[in-house]
Amino acid sequence: MQDVLEIREVSKTFRAKSGDVTAVDGVTFRANKGEVTVILGASGSGKTTLLYLIGSLENPDGGEIEVFGEDICKPEADLIQYRRKRVGFVFQFFNLITALTALENVTLPMDLADASSLEQHERAVELLGRMGIDERLRKTKANKMSGGEKQRVAIARALANDPDIILADEPTGNLDTATGRIVVDILVGLARKDGKCVIIVTHDESILDAADWAYRMEDGKLEGIEIGEERNL
Amino acid sequence: MRSVKRGFRSFRRHPLRNLVVILLLFVCLAFSLSMLAVKLAADSQVEEVKQSVGNYAEIRVSSDYRMALFEEERSQDPSERAAQARTMTEEEQLEQRTRFLVPEELADAFSQETEIITYDKVLETQITLSDITNTELETVISLRERGPQGEGPAALSSNMFSFEGNTNGASASDFMLGSKVLVEGSFYTYQDYLDAAPVVLIEKTLAEDNELAVGDTITATISGESGRDAEVELTVLGIYETVETEQQAEGTNMETFNPMGDTFYAPLSVVQTLNGTPGYVGLGSYYFDSVDSTDALQQAFDANIADGDTYELATDYSDFETIADPLLKVGKTSMIGLAGALGACALIILLAMAIIIGGRTRELGVLKAIGATDRQVMAQYAVEVVCICLVAIILAMGITALISQSMGDWLLSGNQVAATDTSQQGIVAGGQGAPGQFMAGPMGGNSLYKEGGRFSVASSQEQSTSLDVVYQGNLFLYGVLILLGISLLGMAVPLVWITRLRPARVLSME
């Protein structure tokens, strides 16, 4: 397996009135193409911050984050292109633009990346089809959809520019168990069939079943979890 | 371009929210543009007034100096005065004749001021023409002699005629203002003035009564002299007709009523000779560039011409004030209204955008997280702001065309009432018009140069009663500027918000 992501000694500290809070404390790990990496942790453990560091939505205070061998923490790194082409986000609260339809939400990242209208439409229809969103739902505004539908649209949006890394922050946190399972299966499918590097942060231990690699995060520190002999630790 | 499309689509997606903002902006913009239209119209009309009123001045012997001379004469015993007159030298006699006149060189010197555009010199006097008779005046005199008052005034004679001299017949105010029209022959020219050509313009009725035609000659006698040497042959160069104005026809304006038609117009140098006062004029009359130069000219006059209080510079500034003051007040009021309404527009757009952007913080975070640049997001929101402002300003411009005239009339009526009140108070308090009126004292309330002329009070009031709020092209340009202004202001909110926004913060929020 090819290493897509390598994180070395990454730290992030936030300044608060009550004092400095170290959300991520010297974290090191790798994630590979075609594999699902699950990071377990309680609320406030720093797992979402770690995800945002990987997605370049936050800047680390120290350490290196290499994607395909390039350090995205360097000042010369083109983070806009990185966000457009390398990573796709799936959020707990979906973060769809409610005034837009499912189709428009999916075409938006492609539009920002200057894809042609035809290309945008064809790819969005294809992705939504893969996520089980039919034609009627494609034209439905995001605020009229169920949680599961929204999350499937959010995954389609994350895949719009065909990124290498899918970063999912509590993707099942706002869904019932059955719907959550479907979403997890989709994410696993993206790793297995499409060769994506999928990183899921969650507090839901049942997702560990889907993981190739699993870590537990506590007070900003990351520890590996043994998840079975057949899979790597 | 894509950001523009996204912004436009986003604008269409929030019709209700946009409608509220547009309505609020529309009200303030309609008021702003109406005030602007009124301001532009008032300013434009003030400029028009400036071109015709307030730029006329005369140099003449001051009323104070005249009064002082009258007082001095009155204090003298008549016999003493007669004895003094008999022993006068020629120089003293000339001084006596010219005491109410202005030296021509002073009038010429003042004309060198850079603000002066055109000038003329005028001398009016009474001249005896022994070989013609004013038949209408003769009738008046005979009626007076038969009447209960007995004898007519000693100075009144049917051979006495008014002579008005200036440097160019066509520019005599009566002809310029149209109260008299040349019907035969031609005007004397500036060259005639320089050459002292003995020519005159005569009134038509008088010419007919005395069987005079263009080319005929009449004999005038130089004032204070006698014998053949005192006679001057004058050739009739032109015949004019007096135009009966509406007011004259109704008999309401006695000041301009002149049934005798006894005025002859001749080159100034000829009238000076006939009057025995060469080198002196009754007044110098000047048109200067603008009413704004009044102060500068007054200072120049005081410094170089005034000779103590002997001469005065009279201007029609008070006429300008009468006409322009309500317009200036309307301009000021509309400016205040404009500033207030634009302030309200600014406040509305800032608050509206703060609310709109505040409510879409998560959307901003998402856009940034999926790879939108600050510029792309800014452009999208800028288009939304511009669309809102554009719709509001188009509607406002439409309604402005309908209401601005009413606004102008309303403001003008308010200011005219105020101006009338102030004017009346001034009359009661000082007897010479509104307080603070420039040159009100020296003018003594008299009209300038020619009574019933272009600066008469009636025409002033007529001009000041209306304000034509024309929907000018520059209003459209100002509308575009206002649109740009409020749009830029509206964009400031998303600009600050977007550049400071950290997507990681907003995306984690429930």
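Modeller: In chain A, strand β1 (residues 3-16) and β2(A) are joined by ten bridges and run antiparallel. Two strands count as paired when DSSP finds at least two bridges between them, and the elements themselves are DSSP runs numbered from the N terminus, helices being H or I of at least four residues and strands being E of at least two. One such pair of partners is Ile7(A) with Phe29(A) in β2(A). Please remember that the model is predicted, and that local features need pLDDT of at least 70, side-chain atom pairs count only at pLDDT 80 or more, and totals for chains, interfaces and linings use all residues. Residues are numbered from 1 along each chain as its sequence is written, while chains are lettered from A and ligands numbered from 1 in the order in which they are written.

Biologist: In what order do the four strands of the open sheet follow one another?

Modeller: In chain A the order is β2-β1-β4-β5, and the pairing is antiparallel. Because β2 (19-32) and β5 (70-71) of chain A each have a single partner strand, they stand at the edges, and one side of each lacks a neighbour in the sheet. Helix α1 (residues 47-54) of chain A packs on this sheet and touches β1, β2 and β4 (62-67) of chain A, with a direction that makes about 60° with that of β2(A). A contact here requires C-beta atoms, placed from the backbone, to lie within 7 Å; axes are lines fitted to C-alpha atoms, for helices over the stretch in contact, and angles between N-to-C directions run from 0 to 180 degrees.

Biologist: What is the order of the open sheet of six strands?

Modeller: That sheet of chain A runs β6-β7-β8-β3-β9-β10, and its pairing is mixed. Its edges are β6 (87-90) and β10 (221-224) of chain A, each with one partner strand, so one side of each is left without a neighbour in the sheet. On average, neighbouring strands of this sheet are turned by 20° against each other, direction ignored. Within it, β3 (residues 36-41) and β8 (residues 197-202) of chain A run parallel and are joined by five bridges, and β3(A) also pairs in the parallel sense with β9(A) over five bridges.

Biologist: How many residues of β3(A) are buried?

Modeller: Six of its six residues are buried, so β3(A) is largely enclosed by the rest of the structure. A residue is buried when 20 or more other C-beta atoms lie within 10 Å of its own, exposed when there are 12 or fewer, and partly exposed in between, with C-beta atoms placed from the backbone. Val36(A), Val38(A) and Leu40(A) point one way from the strand, whereas Thr37(A), Ile39(A) and Gly41(A) point the other way.

Biologist: Which residues of helix α13 (residues 294-304) of chain B are buried?

Modeller: They are Thr294(B), Leu297(B) and Ala300(B). Seen down the axis of α13(B), they fall within an arc of 130°, so they line one face of the helix; the arc is that of the directions from the helix axis to the C-beta atoms. These buried residues pack against β1 (56-61), β11 (283-288), β12 (311-315) and α14 (317-359) of chain B. The face turned away from the buried side of α13(B) carries exposed residues, namely Asp295(B), Gln299(B), Asp302(B) and Ala303(B).

Biologist: How should I read a backbone angle such as phi?

Modeller: Most residues other than glycine have a negative phi. Glu170(A), however, has a positive phi near 45°; it is found in the loop between β7 and α7 (177-192) of chain A, and it counts as buried with 22 C-beta neighbours inside 10 Å. Ala196(B) also has a positive phi, of about 55°, and lies in the loop between α9 (190-195) and β6 (199-203) of chain B, where it is partly exposed, with 17 other C-beta atoms within 10 Å.

Biologist: How many residues does the contact take from chain B, and how many from chain A?

Modeller: It takes 18 residues from chain B and 19 residues from chain A. On the side of chain B that touches chain A, the elements giving two or more residues are α1 (2-13), α15 (361-369) and α20 (503-507) of chain B, and α15(B) gives the most, with four residues.

Key. Contact = placed C-beta atoms within 7 Å.
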